[in-house]
Amino acid sequence: EEKIRQADDLGAHVIGVHVGIDSQAHGESPLAALKIAKASVKRAEISVAGGLKDDRYLDQILKYQPDILVVGNGIR
């Protein structure tokens, strides 16, 4: 949270939230990371990557209205 706030305070235009497949395998959630970012950012846009290859998190993530969605493995 602190690093996100620092980046926002320094004038970052976009703050990226990424939870890679290996982190997801260990129980980390892209939704949890997005919630932290949304609570911490005041100015920057938020980009979300990781966990978007299926519907497991997508509907919940969209409720938080991230500015950018990065889809990698979901493209076939």
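Mentor: What follows begins with the helix pair and then turns to the sheet.

This is a predicted model, in which local features need pLDDT of at least 70 and side-chain atom pairs count only at pLDDT 80 or more, whereas totals for chains, interfaces and linings use all residues. Residues are numbered from 1 along each chain as its sequence is written, and side-chain values use heavy atoms, with hydrogens and water left out.

Helix α1 covers residues 2-9 and helix α3 residues 30-40, and the two pack at about 45 degrees with their axes 9 Å apart (helices are DSSP runs of H or I with at least four residues, strands runs of E with at least two, numbered from the N terminus; axes are lines fitted to C-alpha atoms, for helices over the stretch in contact, and angles between N-to-C directions run from 0 to 180 degrees). α1 passes α3 in a right-handed crossing, where the near helix is turned clockwise from the far one by less than a right angle.

At the contact (heavy atoms within 4.5 Å), Ile4, Arg5 and Asp8 of α1 meet Ile36, Ala37 and Ser40 of α3. These contact residues comprise three nonpolar, one polar and two charged (Ala, Val, Leu, Ile, Met, Phe, Trp, Tyr, Cys and Pro being nonpolar, Asp, Glu, Lys and Arg charged, and the others, Gly among them, polar).

The strands form an open sheet of three, ordered β1-β2-β3 with parallel pairing, where pairing takes at least two DSSP bridges. Five bridges join β1 to the parallel strand β2, residues 45-49, and Val14 stands opposite Glu45 in β2.
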